[in-house]
Amino acid sequence: MSKEIVLVGYSGHSFVIADILLAAKLHIAGYCESEIKSKNPFELKYLESEHEFFSIKGNNTTYNAFVCIGDSFIRERIFQNLTKSGVNIINAIHPQSVVGNHVEFGKGVMVAGNATINPCCYIGHGVICNTSSSIDHECFIGDFSHIAPGAVLCGNVTIGKNCFIGANATVIPGKKINERITVGAGSVVTSDLIEPGIYVGSPAKLIKKF
């Protein structure tokens with residue numbers, strides 16, 4: 001029998017994770033938060049904060065976990081803390097997604113329903129491949145980045161760590177996006193994006209530096 005899964009974080013993004021795990025017929029033990037949430041659509045058990053829950057002897061190996069935090073920097077921090085404590089972080093891959101051959105995943109990856117990942121891609125730790133996103137052959141997505149609903153990465157695209165590719169944005173083949181870059185919704189990336197910041201438009205241009 002597979003280990004029960006603890007959701008770390010319980011709000012909008014975690015509801016998607018819960019739905020994916022249940023669709024995959026996995027069992028959720030409950031959720032960790034700083035306090036009990038009044039909104040509990042999945043009627044999950046409250047398990048205290050992740051620090052308190054996983055400090056109990058044996059819980060770090062008895063349960064698997066998934067970090068359900070949308071903010072990439074907070075998601076990374078919690079992921080690293082749990083990993084250092086010996087907690088196994090699983091992937092949440094919807095059974096109605098399409099994952100090609102020779103795709104390599106890190107840990108803590110979310111692949112939503114109707115997302116497509118074509119062959120020979122690398123998807124790093126804590127990456128979100130959201131609803132109906134399309135990731136074509138030989139793409140590389142760095143740790144804790146987020147490919148938003150409907151975004152399209154054409155073949156051989158490289159996305160750095162802690163990036164956000166907005167809803168329905170398109171990155172044309174072979175382009176490279178460095179770390180800590182946000183591409184606005186509906187934007188089209190036609191050249192490499194080097195400097196951290198926010199890029200919007202078609203073609204995408206830098207409008208704000210980080």
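A residue is called buried when its relative accessible area is under 20%, exposed when over 50%, and partly exposed in between (1.4 Å probe, protein chains only). The views below show a predicted model, in which local features need pLDDT of at least 70 and side-chain atom pairs count only at pLDDT 80 or more, while totals for chains, interfaces and linings use all residues. Residues are numbered from 1 along each chain as its sequence is written, and side-chain values use heavy atoms, with hydrogens and water left out.

**View 1. Tyr 10 and Tyr 31 form a stacked ring pair.** Rings of Phe, Tyr and Trp (its six-membered ring) pair if their centres lie within 6.5 Å; planes under 30 degrees apart are stacked, over 60 edge-to-face, and the rest tilted. The model holds eight aromatic pairs by this rule. Here the centres of Tyr 10 and Tyr 31 are 4.3 Å apart and the planes meet at 20°, so the two rings count as stacked. Tyr 10 sits in the loop between strand E1 (5-8) and helix H1 (12-23), and Tyr 31 belongs to strand E2 (residues 28-32), so the pair ties together parts 21 residues apart in sequence. Helices (H or I, at least four residues) and strands (E, at least two) are DSSP runs, numbered from the N terminus. Tyr 10 is buried at 1% relative accessibility, and Tyr 31 is buried with a relative accessible area of 1%. Look around them for the cluster that ring pairs build from Tyr 10, Phe 15, Tyr 31, Phe 42 and Tyr 46.

**View 2. Tyr 122 and Phe 140 are also a stacked pair.** Their ring centres lie 5.0 Å apart with the planes at 20°, so this pair is stacked. It links distant parts of the chain, 18 residues apart: Tyr 122 in strand E10 (residues 122-123) and Phe 140 in strand E13 (residues 140-141). Tyr 122 is partly exposed at 22% relative accessibility, and Phe 140 is partly exposed at 38%. Strand E13 also holds Ile 141, which is buried at 0% relative accessibility. The C-alpha atom of Ile 141 is separated by 22 Å from that of Leu 82, 59 residues apart along the chain.

**View 3. Strand E3 pairs with E1 and with E4.** Two strands pair if DSSP finds at least two bridges between them. E1 and E3 run parallel, joined by four bridges, and Ile 5 stands opposite Asn 64 in E3. E3 and strand E4 (residues 88-89) also pair in the parallel sense, over two bridges, with Ile 89 in E4 as the bridge partner of Ala 65. From E3 (residues 64-67), Asn 64 and Phe 66 point one way, Ala 65 and Val 67 point the other way, and all are buried.

**View 4. The cysteines form zero disulfides.** A disulfide is a pair of cysteine sulfur atoms within 2.5 Å. For Cys 129, the closest cysteine sulfur is in Cys 121, 8.9 Å away and too far for a bond. Cys 129 is buried, at 0% relative accessibility. The sulfur of Cys 154 has its closest cysteine sulfur in Cys 139, and at 7.9 Å that is too far for a bond.
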